[in-house]
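Biologist: I am new to this structure and would like to learn how its features are read. Could you take me through them one by one?

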Amino acid sequence: MVISNRPLRFIIATFVACLPLMSFANPEVDSVKVNTEMAHEVTEGSHEGAHAEPTDVKSKIKAFIGHHVLDSHDFTFFSDEVEGKHYGFSLPVILWDNGLQVFSSSRFEHGEAVAESNGNFYQINHHDGKVYKLDSADGKITENEETGYPTNIRPIDFSITKTVLSIMIASLLMFLLFTGLAKSYAKNKGIASGPGRIFEPIVLYIRDEIAIPNIGEKHYKKYMSYLLTIFFFVLFLNIFGLMPFGINVTGNLTITFALAIMTFLITNLTANKNYWGHIFWMPGVPKVMRIVLAPIELLGIFIKPFSLMIRLYANIFAGHIVLMSIIGLMFIFKSWLGSSLSFGLSFVLSILEILVAFLQAYIFTMLSALYFGSAVEEHHHEEAH
Amino acid sequence: MDKLIHQFELGLFFWQVLLFVGLIFLLKKFAWKPILDAVNDREEGIKNALLSAENARKEMQNLQADNQRILQEARMERDNMLKDAREIKEKMIADSKTEAQAQGLQMIEQAKAAIESEKNAAMAELKLQVSTLSLSIAEKLLKEELSNKEAQTKLVEKMLGDVKLN
């Protein structure tokens, strides 16, 4: 490890400690308002899209779902359409645009206002939730007529978005849980205690049923940290996504891309001679076939992590969309029969999503282990083929 | 596909990689290594405990077998000793019997011999007495003969009667 643990731990601790300072609490949080119109809570997300105000319930729900699955610069639990209030808190916006621009996301006023920082003007595009630079305070985001994407300059956005905050919370939770579990062994003479003990069987399962059978007794140890971390990371964030905070982390392509590229890098950086031999000069087949197979195998190196990325993203993304659509149906039906039916359906689907949360974490870990296993496998071609 | 690529966010990617890699290393140092070590130790401990229990059981069995064997041996030894003792006893009885018989016979023999010799001695004495008596009778008779014939006869008869009584 290049960076020693102590400073790293300190940096993360400081960072988490500073979070509340950087994000200025939304004053509206304090106002105690009883929200009587439940229907507006769900449909309220559309409020961000101030430019194209959807009027009917269906398009409001559609817009809300569209915004939910995207990342956001503030953390909104729910909002009130009638009064135009958002219940949640702001998050720090960090942009790299000719120097660091740091300000609170409250300046965007949930996408309705142009934020000014050191003479630069920024606005959130209501279609993709991303920050674009404006020419002036009165500037507008102009869209390319062919592609539909904005033509404005995008500063590199290092903001602590809702997703980043969720990752931090999940990481902190994991760190506390598993260090607690680790400490409990010493305290309790080798027997786990405390809240972390629920995860001990899962840790053992990953070791005995995922790592050892796929990688092999000889090499599995060096991959254990990665496999355990990725399993619990994906699992925790999947479960977070099912909680009523409106978090969607593992259904974000950037996140799954980052996870998949790590599996890709670890696989190819720890691969042995044998692995490369199987890709470029497949043993046990005729020479002509070897030349044909090489590009296919080479493509396979990239397809494997690509499939990891898409599988996790699509499963969680689709789960969120379907679940929220069915919840949205309640407000479309607005009848005791239809609404209670879609409530029952969404309840059953939520249970299914819990299964998917575990399953996708398992599959991601399992396939990563499988790829690592192929990278360190030691063949004896003459006997094997 | 174009939409997917458009979704990619460099800043988020940066944070995700930074936080995730940090998390891997932190957890490796503070959680996974101690947890896996502790679990391994525990498994080793259980394995060892089972093994030692098995060993103890075997040892116990061996010990029991040994005990059984020793008991068996002791029983056999006792039986042998008893048998020996019985044999010795019988032999002693038999020996003493024969000895006693021999001794008895010898004693009888001796007694017989003593009786014989006594008898002989008594006979010799009797013979001597008879001869002396006969001589004295003859002497007396001769003396009586010389004095009174009748008295002499009487005396002889009387004496003879005496002899018979003897």
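**Reading the two chains**

Modeller: UniProt lists residues 46-125 of chain B as "coiled-coil region" in an unreviewed entry; such positions are given in the numbering used here, feature names are shortened, and annotations may be inferred rather than shown by experiment. This is a predicted model, in which local features need pLDDT of at least 70 and side-chain atom pairs count only at pLDDT 80 or more, while totals for chains, interfaces and linings use all residues. Residues are numbered from 1 along each chain as its sequence is written, and chains are lettered from A and ligands numbered from 1 in the order in which they are written.

Biologist: How far apart do the end C-alpha atoms of residues 46-125 of chain B lie?

Modeller: Helices are DSSP runs (H or I, at least four residues), as strands are (E, at least two), numbered from the N terminus. Residues 46-125 of chain B are 100% helix and 0% strand, with their end C-alpha atoms 114 Å apart. The unreviewed entry in UniProt also annotates residues 12-32 of chain B as "transmembrane region", and that span, likewise 100% helix and 0% strand, has its end C-alpha atoms 26 Å apart.

Biologist: How many residues does the contact take from chain B and from chain A?

Modeller: Two residues are in contact if their C-beta atoms, placed from the backbone, lie within 7 Å. Here the contact takes 34 residues from chain B and 39 residues from chain A. On the side of chain B that touches chain A, H2(B) gives the largest share, 29 residues.
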